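Hi there,

Here is the structure I promised to pass on to you. Have a look at it first, and my notes follow below.

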Amino acid sequence: ANFVQPLIKQFAYLNKTEVIVFNALEDSLASTINNLKLINSDFDYNFNLLEKYIKNLYSISNDSNNDVGRHRVIFVYGLSNLRNKLNLENKNKLGELIELANKMDHIHFVIIDSESKLKSFESEIWYKDIVNGSSGIWIGKGINVQNIFKLKKYIDNDIEDNECYVIECGI
């Protein structure tokens, strides 16, 4: 949470950006920012609301290329924990919803989890379709021993747990 909370707040402070956070790790994330919706419980109920919301935005954006206004950034803090907390029906819809959102320019998912937990999604079609192994953010130590990002070169200096690497094109 050392790095995650400031990252979420930076997105929330952006003008014309709505931020939704599914906090499935139960870390203490608190916010009084107006355009940030923090979800710490009732994950099935809130997932169903998010599904309706995204499908509605998709429908609006496809009808005559309507402008749906501001960008939406949906943070999933603990993807594997969220999936474990959803009922079976919603577990099966999770990947489909992320894929649908990925088809729109104004909705973005930011998935935050440990490397070992993210690896458990690698065989899923939606994960293969949206995850780019050459671009992303690595938080904390261990970038040279991880298997999520395909790095073009060895990185000499290690960083602290509250720092990150921004990886673009494998660099």
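**What I found**

Leaving aside residues up to four places away in sequence, N23 touches L29, L38, I39, N40, F43 and Y77, where a contact means heavy atoms within 4.5 Å. This is a predicted model, in which local features need pLDDT of at least 70, side-chain atom pairs count only at pLDDT 80 or more, and totals for chains, interfaces and linings use all residues. Residues are numbered from 1 along each chain as its sequence is written, and side-chain values use heavy atoms, with hydrogens and water left out.

N23 sits in strand β1 (strands are DSSP runs of E, at least two residues, numbered from the N terminus). N23 counts as buried because its relative accessibility is 0%; buried means under 20% relative accessible area, with a 1.4 Å probe and protein chains only. Its side chain also makes a polar contact with the side chain of N40, at 2.9 Å (a pair of N or O atoms within 3.5 Å, one able to donate a hydrogen and the other to accept it; residues adjacent in sequence count only if both atoms are side-chain atoms).

Now to the rings. The whole structure holds 5 aromatic pairs, meaning Phe, Tyr or Trp rings (for Trp, the six-membered one) with centres within 6.5 Å. One of them, F121 with Y127, is stacked (planes under 30 degrees apart), at 6.4 Å centre to centre and 25° between the planes. F121 and Y127 are both buried, and ring pairs link F121, W126 and Y127 into a cluster.

Enjoy exploring!

Definitions and conventions:
Helices (H or I, at least four residues) and strands (E, at least two) are DSSP runs, numbered from the N terminus. Buried means under 20% relative accessible area, exposed over 50%, partly exposed in between (1.4 Å probe, protein chains only). Rings of Phe, Tyr and Trp (its six-membered ring) pair if their centres lie within 6.5 Å; planes under 30 degrees apart count as stacked, over 60 as edge-to-face and the rest as tilted.
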